[in-house]
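Here's a walk through one protein chain, going from the overall make-up down to single residues. Keep the viewer open and follow along.

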Amino acid sequence: MLDEKMIYKIIKNGETEIYEWKSEETEGLYESIAAFANANGGVFFLGIDKNGNITGVDSSEKYLEKLTNRIVNKLGFNPIIETITIDSKRVIVISVDKSSRPISYNKKYYIRVGNTKRGMLPEELQTKLLSKSFWEAQTGEYSFDEIDMKTVQRFSKLARNCGRLKYIDGDNSPEDVLSKLKLIKNGRLTHAAILLFGKDPQQYFVNSLLRILRLKDDTHSIGDKPIGGNLFNQMEDGMTAIQGYIDVSYEIIPGKIQREEIWDYPLEALRELLLNAIIHRDYQQWNIQTQIKVYDDKIRFSNIGGLYGGLDVNKIKVSHDSRPRNPLIAKVFYLAGYVEQYGSGIGRVLEAFRKMNLSEPEFIEEQGGLTVIARKTKSDLYVEKSKFDLSELNERQKKAFEYVIKNGKITNSDYQEITRVSKKTSSRDLKKLVDLGLFKKQGETGKGTHYILEDNK
């Protein structure tokens, strides 16, 4: 930790390649931290003005916690934050290490040059992306006894059956298989080898977990299944857990003996989204789990590690080059037949939802990661086709609209029950929905009366 005397000496010499300061928190703080991380690291002082005067800053525990969270959420990594007293004023000292991966802020990459920062040139970013040593390819002090032989054998069988790994047959030893997959370097196992085929990867990577939660809302959980083990186990057990939390109905198809399963969501799309979460997460960030939250009306896939290699949420919706954060892990899942074609997965997800007449999943970059929200309501798609403006509805009417989307119809009694209003208010609200052209009234007055969506499509 720097002391008062050292800081005065630093201030006297002025800002340099590794030192910078500001009197208060601004957007420039985050740009500078990203620039330090993309260069050789550095130290940022908060509470010193541009002339080198000690101005001091709020250093309460509450503020430091909020500052730390903002840095983590905006930049995706956790620097060392300390405080020091100078002339009875508090200065925050933020130490930033050189990052092994490019750090962006607001989708821009910065680098430190002398005592200034600037945006990275495209060729600089490309060089950094290509030249860095991928974390998954780094080796550790692992024993081959920690490899789960059954998972290796299962992978070999899958790869042979789909014809993507012809140089591996039933006679190859597990060690030979991992060597051919480049999961062994200089006789040592890589991080990827342990994640993919280890008996207990969580022994080394505590939060390399998949966590499936069933929630009524954001504060009330009614189910929680943490899934550990290697990534192949997480993929299969995770999909089983998701299916256990969503509904399925059965339809008898003329001419068929077996009933057809009708799930709330296209299972092939959910499987693809789960696979993407496992393959593309940032496993260097050890303090966060991959989470899938299943609600009554949606599934939220939250994954640490934003889109990689210059991709954004618009580019991934169209055909694009594959730029995996973890190329070794991605390749192994491809060889096993889990991945159909690099860069085509999201397109298949969107198509699967369209075939079920469901709204397209929503892709959001937030808190240093990627969130995908898959909804089982058809309301978004209905509104898009009918050009209807839901802003004209009150909250009760919106709730009734969602109810009809899910159940096909609604009665006056249903409306009263789900909105907790009187019959008079219910009748008035339903009449407005009919007048607006969103609902259509069916049946005579009395118990047989109900409301369905007007066919505006």
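## The overall picture

Of the 457 residues in the protein chain, 46% are buried. Keep in mind that this is a predicted model. The secondary structure of the chain comes to 15 helices and 19 strands. As for contacts, take those in the chain with a separation of 6 or more: 62% of them link residues 24 or more positions apart.

The largest nonpolar core has 67 residues, and the members that touch the most others are Phe155, Leu183, Phe197 and Phe333. Setting aside neighbours within four places in sequence, Phe333 is in contact with Leu196, Leu231, Phe232, Met235, Leu275, Ile278, Ile279, Tyr338 and Val339. Another core, of 21 residues, lies apart from the largest one, and its members include Leu29, Phe36, Ile92 and Val96.

## Helix α5, inside and out

Helix α5 covers residues 149–161. Which residues of α5 are buried? They are Thr151, Val152, Phe155, Ser156 and Ala159. These residues sit on the same side of α5, because the arc they cover around the axis is only 140°.

After α5 comes Gly163, with a positive phi near 70°.

## A six-stranded sheet

Next up is an open sheet of 6 strands with mixed pairing, in the order β11-β10-β14-β15-β17-β16. At the edges are β11 (220–227) and β16 (362–366), each of which pairs on one side only. From one strand to the next, the twist averages 15°. Helix α9 (residues 267–280) packs on this sheet, where it touches β10, β14 (290–294), β15 (298–304) and β17 (369–375). The direction of α9 makes about 15° with that of β15.

Now for the pairings. Strand β10 (residues 210–217) runs antiparallel to β11, and 7 bridges join the two. One to look up is Arg214, whose bridge partner in β11 is Gly223. β14 and β15 are also antiparallel, with 4 bridges, and a hairpin of 3 residues connects them. Across that pairing, Gln291 is opposite Ser302 in β15. β15 pairs with β17 too, in the antiparallel sense over 7 bridges, with Arg300 standing opposite Ile373 in β17. Why is β15 described as largely enclosed by the rest of the structure? Because 6 of its 7 residues are buried.

Leu75 belongs to helix α3 (residues 61–75). Is Leu75 buried or exposed? Its relative accessibility is 5%, which is under the 20% cut-off, so Leu75 counts as buried.

Leaving out residues up to four places away in sequence, Leu75 touches Tyr30, Ile33, Ala34, Arg101, Ile103, Ser104 and Tyr105. Take Ser104 from that list: Leu75 and Ser104 are 29 residues apart along the chain, yet their C-alpha atoms are separated by 6.4 Å.

## Two positive phi values

Most residues other than glycine have a negative phi. Here are two residues that go the other way. Asn106 is not a glycine, but its phi is positive, about 50°. You'll find Asn106 in the loop between β5 (104–105) and β6 (108–113). Its relative accessibility is 55%, and the cut-off for exposed is over 50%, so Asn106 counts as exposed.

The other residue is Arg420, also not a glycine, with a positive phi near 60°. Arg420 is in the loop between α14 (412–419) and α15 (423–435). Arg420 has a relative accessible area of 73%, so it is exposed.

How values were computed
Residues are numbered from 1 along each chain as its sequence is written. This is a predicted model: local features need pLDDT of at least 70, side-chain atom pairs count only at pLDDT 80 or more; totals for chains, interfaces and linings use all residues. Side-chain values use heavy atoms; hydrogens and water are left out. The expected span of a helix is 1.5 Å times one less than its number of residues. Buried means under 20% relative accessible area, exposed over 50%, partly exposed in between (1.4 Å probe, protein chains only). The arc is that of the directions from the helix axis to the C-beta atoms. A nonpolar core is a set of buried Ala, Val, Leu, Ile, Met, Phe, Trp, Tyr and Cys residues joined through side-chain atoms within 4.5 Å. Contact means heavy atoms within 4.5 Å. Two strands pair if DSSP finds at least two bridges between them. Axes are lines fitted to C-alpha atoms, for helices over the stretch in contact, and angles run from 0 to 180 degrees between N-to-C directions.
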